[in-house]
Amino acid sequence: MKDVALGIDIGGTNTKFGFVDKEGNMYGETSISTVKTPPGDVDAFLKYLYKEIEVLREQIQEDLNIVGVGIGAPNGNYFTGTIEYAPNLSFQGIVDLVKLFKRYYDVPMVLTNDANAAAIGEMIYGGARNMKNFIMVTLGTGLGSGFVANGELIYGNDGFAGEMGHILQDPEGRVCGLGRKGCLEAYVSATGIKRTTFRLLADMNAESPLRDISYNQLTAAMITEQALKGDPIACAAFEETSRLLGQKLSDMVAIFSPEAIFLLGGLAKAGDLLFKPTKAYMEQYMFQVFRDKVVILPSALEDRNAAVLGSSALAWKEIGIKVD
Ligand SMILES: [Zn+2]
């Protein structure tokens, strides 16, 4: 019998899950559709999720003993175990997720948002193993972040601390996913760079293959591909995105004094295109005492399943097992 944590990442489109032992070895992982069951019906979704988890468990040679469950979900509240007004999920209002899912697995169960789970994954299995102060920034559809200070993830008074994506970039600016104006994530994320690219296509005259792609078809990966070829519009989009990210990271450094900042997710895959200018801008805007002290690193979970590893790390941390 092998003790494992069940790590679950509930996303707007897909829900990923897998079994992870305390050393970070994955025993099977898979993904199901979050939108297969009727919209808003949490019970139906959890029943379906449970069934699929057990299907996966059956397929694994070894006998797995689930000792804890960690769940990452948008607007997941660590203190209450609830998902509250999640922007990308069909569940309405406040959903008592942990309480409902404990009917299936009566073991220690914890919930937080996906970026916080990624931060804990980095701390337990990734590049932050020996760090007590670091910031995790996830650059996907939105911008998520988790802040670790003095060795602890900061949950804040209400459980929602560390939402760098919703700090104000421009009060009169772009509307974000929650209808608020000017949030950083409307600029710095896979979606943000796409919006910036379209603005640049209107502002600049340069020829670019990006002109032939519709807004709905354009992806951050296409912008990356063009920027690597030296396309002036795509390069300008990366420049602008990196400048905003670098500026805001210098603000974060002034408050948290981290040892490192980890970048994870779709846009972080652009590598030097994003990391180099972001670091340069961060240093340019940095409060002197912090200059040249903070590194920006790719997440060590990037090519592994960060979402599942992160949520299972959350469970292991809750159980209190120290992982070396
Ligand atoms: Zn926002």
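Modeller: Of the chain's 324 residues, 44% count as buried, a residue being buried if 20 or more other C-beta atoms lie within 10 Å of its own, exposed if 12 or fewer, and partly exposed in between, with C-beta atoms placed from the backbone. The model is predicted: local features need pLDDT of at least 70 and side-chain atom pairs count only at pLDDT 80 or more, while totals for chains, interfaces and linings use all residues. Residue numbers start from 1 along each chain as its sequence is written.

The chain has eight helices and 13 strands; these are DSSP runs, with helices (H or I) of at least four residues and strands (E) of at least two, numbered from the N terminus. Its radius of gyration is 20 Å, close to the 20 Å that the globule rule gives for 324 residues, so the chain is as compact as a globular protein of that length. The radius is taken over C-alpha atoms, and the rule is 2.2 Å times the number of residues to the power 0.38.

By an automatic or database domain assignment, the chain is divided into domain 1 (2–123 + 304–319) and domain 2 (129–298). Their centres, over C-alpha atoms, are 27 Å apart. Domain 1 brings 15 residues to the contact and domain 2 brings 16, where contact means C-beta atoms, placed from the backbone, within 7 Å.

The part to look at is helix α3 (residues 114–125), which gives the most to the side of domain 1 that touches domain 2, with eight residues. That side holds nine nonpolar, four polar and two charged residues; Ala, Val, Leu, Ile, Met, Phe, Trp, Tyr, Cys and Pro count as nonpolar, Asp, Glu, Lys and Arg as charged, and the others, Gly among them, as polar.

Helix α3 has twelve residues and reaches 16 Å from its first C-alpha to its last, close to the 16 Å expected, that is, 1.5 Å times one less than its number of residues. Twelve of its twelve residues are buried, including Asp114, Glu122 and Tyr125.

Leaving aside neighbours within four places in sequence, Asp9 is in contact with Thr15, Lys16, Gly72, Asp114, Ala307, Val308 and Ser311. Asp9 counts as buried because it has 25 C-beta neighbours inside 10 Å.

Terms used. Two residues are in contact if their C-beta atoms, placed from the backbone, lie within 7 Å.
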